[in-house]
Amino acid sequence: MALEINGSVIEQDEEGYLMDLESWTPEIATILAGEDDMTLTEEHWDIINFLREYYEEYQIAPAVRVLTKSVGKRLGKEKGNSKYLYSLFPYGPGKQACKYAGLPKPTGCV
């Protein structure tokens with residue numbers, strides 16, 4: 001699989017995750033969300049940017065439980081819960097949000 005953006009080919013694995021994490025741009029996130037019939041809002045971007053910062057610091061995409069707890073600490077309790085995260089990323093906050101953020105699929109996601 002691959003995305004073509006402005007003449008550049010962005011390689012993806014069989015599930016649509018980027019092969020080269022350095023090739024990610026906000027435009028790619030918008031395109032990936034569009035493929036799921038989603039429009040990214042400021043709330044989505046809060047989580048996407050959080051995930052990218054988390055990955056930069058720890059070199060791993062957090063599992064959902066860790067994501068929920070970490071988001072709660074950083075962005076507040078109202079955002080640090082499964083109900084809120086699933087309302088933004090209905091296919092799974094870890095799996096779907098990491099895909100849009102250009103990160104690998106979190107360990108333990110099916």
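Which helices do the buried residues of H5 pack against? The buried residues of H5 pack against H1, helix H2 (42-58), helix H3 (64-75) and helix H4 (82-88).

## Basis of the description

This is a predicted model, in which local features need pLDDT of at least 70 and side-chain atom pairs count only at pLDDT 80 or more, while totals for chains, interfaces and linings use all residues. Residues are numbered from 1 along each chain as its sequence is written, and side-chain values use heavy atoms, with hydrogens and water left out.

## Overall fold

The protein chain contains five helices and two strands, where helices (H or I, at least four residues) and strands (E, at least two) are DSSP runs numbered from the N terminus. Read along the sequence, these elements follow the pattern β-β-α-α-α-α-α. The radius of gyration of the protein chain is 13 Å, close to the 13 Å that the globule rule gives for 110 residues, so the chain is as compact as a globular protein of that length; the radius is taken over C-alpha atoms, and the rule is 2.2 Å times the number of residues to the power 0.38. Along the principal axes, the C-alpha atoms fill a box of roughly 40 × 25 × 25 Å.

Of the 110 residues, 45% count as buried, a term that means under 20% relative accessible area, with exposed meaning over 50% and partly exposed lying in between (1.4 Å probe, protein chains only). The protein chain exposes about 6400 Å², of which carbon and sulfur atoms supply 50%; accessible areas come from the Shrake-Rupley method with a 1.4 Å probe, and for residues only the protein chains shown count as cover. Among contacts (heavy atoms within 4.5 Å) with a separation of 6 or more, residues 24 or more positions apart account for 50%.

## Helix H5

Helix H5 (residues 93-100) is mostly covered, since seven of its eight residues are buried. These buried residues are Pro-93, Gly-94, Gln-96, Ala-97, Cys-98, Lys-99 and Tyr-100. Just after H5, Gly-102 takes a positive phi of about 75°.

Ala-97, which lies in helix H5, counts as buried because its relative accessibility is 0%. Leaving aside neighbours within four places in sequence, Ala-97 is in contact with Ile-47, Ile-48, Leu-51, Phe-89 and Gly-92. The C-alpha atoms of Ala-97 and Asp-36, although 61 residues apart along the chain, are separated by 12 Å.

Ala-2 has its place in strand E1 and counts as partly exposed because its relative accessibility is 42%. Apart from neighbours within four places in sequence, Ala-2 is in contact with Val-9, Ile-10, Glu-11 and Gln-12. Ala-2 and Gly-16 are 14 residues apart in sequence and 8.0 Å apart in space, C-alpha to C-alpha.

Ile-28, found in helix H1 (residues 26-35), counts as buried because its relative accessibility is 1%. Not counting residues up to four places away in sequence, Ile-28 touches Leu-3, Ile-5, Ile-10, Leu-18 and Ser-23. The C-alpha atoms of Ile-28 and Gly-7, 21 residues apart along the chain, are separated by 13 Å.

## Loop residues with positive phi

Most residues other than glycine have a negative phi. Asn-6, found in the loop between strand E1 (2-5) and strand E2 (8-11), has a positive phi of about 50° although it is not a glycine, and Asn-6 is exposed, with a relative accessible area of 70%. Gln-59, in the loop between H2 and H3, likewise is not a glycine and has a positive phi of about 60°; Gln-59 is exposed, with a relative accessible area of 54%.

## The largest pocket

The largest pocket has a volume of about 200 Å³, and its lining consists of Leu-21, Glu-22, Trp-24, Arg-52, Tyr-55, Glu-56, Gln-59 and Leu-103. By class, this lining has four nonpolar, one polar and three charged residues, where Ala, Val, Leu, Ile, Met, Phe, Trp, Tyr, Cys and Pro count as nonpolar, Asp, Glu, Lys and Arg as charged, and the others, Gly among them, as polar.

A pocket here is an open set of points, on a 1 Å grid over the protein atoms alone, where a 1.4 Å probe fits and which has protein on both sides within 12 Å along at least five of seven lines; lining residues have an atom within 4 Å of a point. Grid points are joined across faces, edges and corners, and a volume is the space filled by probe spheres set on the points.
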